[in-house]
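Please look over the sequence and the model shown below before reading on.

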Amino acid sequence: MSRHDMRVRKVALLGASGLVAQRFQQRLCNHPWFELVAVYGSPRTAGRKLADLPWHLPETRPNLPPIIVENMDSILTNVKDFEIVFSALPSEIAREVEKPLAVQGCYVFSNASTHRMDDDVPLVIADLNPHHLLLLRNRTDTGFVACSTNCTIVPAALPLKPLWDFIGLDDVKISTEQSLSGGGIELLKTFQKTGEYPIDIPGEAEKMQEECLSLLGRAQSEGVRLANLPVDISVKRVSREYGHIVKVTATLHFEKEKEEVIEWMQNYRSRAQALKLPSAPQSPFVFVEQLIPESLPNPAMDLKAGMVVRVSNVVVSGTSITFNAWSENTIRGAAGGTVLLAELAIAEGLLGE
């Protein structure tokens, strides 16, 4: 039996009504490997039918399973009902439940930031640093926590990966234009009502820098050795509702012609592509003239929708390279990237048969 004929696994979702939680619902409702059997939410949503909660995403609500949202307080008593847990929780709540679920044997794939830099938790973009999942191979516990990244580091780090691997980088500068959905549903609704939003994103630059160095770092038996790379990051929020843009400037370790650099980047593929995972795009990033797509396929019907990072305006001069990149922050940078991470872990045999 091939890896793609494997059994369907029962999953629970932590989070019911937020943007990322609903992206998870959208991507799980027709997933060939996962069956959504339970959703846990706040006291405000607990006891209500999942299909009756207000739907916040721009696409029409898909046909969701007939699930009653359960209170988060009860999840640790129900772990026999599911094998995999996807977390779209705020950090403070994730701290209370994610690792206790792993101790009880659950495989937790989290979009929360709480455990991203823990030594025993791999921080992984599936088609950038899949080898970091090897940290889980020698564990003694049955369950584990694995984390996806900050949504804004994805469009910067993915195009940088082949440059880091094949040419080397001496320094990186990243400036961001982050969409309102990255701040959650309340920020998005406030903007839609008043047109107002905060430009500053406290703590974001520091998180991005730390995660970038981890993603490009070397996995070792005791954890990840961070990359030795100066990374300078500046961030701001803009009035766009979905999709983050990054502007990247990097110094290459060796002087290269633009054609050679573009070739390294265009040919880049990783484990997610080799394994032909359901959510993996054919290429992690593509070169485009128009940075922001006019529209996306419906993520409920197409698991690859919103998963490609779009790159434009590549300029190479001597040892300097600049480019702009766009990523759908609630999909590739959040729910879609986390589901892809779970697919990778299964295909690599980390969850057993």
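## A lysine in helix α3

Helices here are DSSP runs marked H or I with at least four residues, numbered from the N terminus. The model is a predicted one, and in it K161 lies in helix α3, which covers residues 153-166.

Is K161 buried or exposed? Its relative accessibility is 7%, and because buried means under 20% relative accessible area, K161 counts as buried. When neighbours within four places in sequence are left aside, the residues in contact with K161 are L128, H131, L216 and Y268.

## A glutamine in helix α1

Helix α1, made up of residues 19-28, is the place of Q26. With a relative accessible area of 0%, Q26 is buried. Not counting residues up to four places away in sequence, Q26 touches W55, L57, E59 and P62 as well as N298, P299 and A300.

The position of Q26 can also be related to that of F86, for the two are 60 residues apart in sequence, while their C-alpha atoms are 13 Å apart in space. F86 leads on to the aromatic residues, which are taken up next.

## Aromatic pairs between strands

How many aromatic pairs does the structure hold? There are 10 of them, and one is formed by F86 and F109, whose ring centres are 6.1 Å apart and whose planes stand at 40 degrees, so that the pair is tilted.

Another tilted aromatic pair is made by Y107 and F144, with 5.1 Å from centre to centre and 55 degrees between the planes. This pair, too, links distant parts of the chain, as Y107 is in strand β5 and F144 is in strand β6 (residues 144-147), 37 residues apart. Both Y107 and F144 are buried.

Definitions and conventions. Residues are numbered from 1 along each chain as its sequence is written. This is a predicted model: local features need pLDDT of at least 70, side-chain atom pairs count only at pLDDT 80 or more; totals for chains, interfaces and linings use all residues. Side-chain values use heavy atoms; hydrogens and water are left out. Helices (H or I, at least four residues) and strands (E, at least two) are DSSP runs, numbered from the N terminus. Buried means under 20% relative accessible area, exposed over 50%, partly exposed in between (1.4 Å probe, protein chains only). Contact means heavy atoms within 4.5 Å. Rings of Phe, Tyr and Trp (its six-membered ring) pair if their centres lie within 6.5 Å; planes under 30 degrees apart count as stacked, over 60 as edge-to-face and the rest as tilted.
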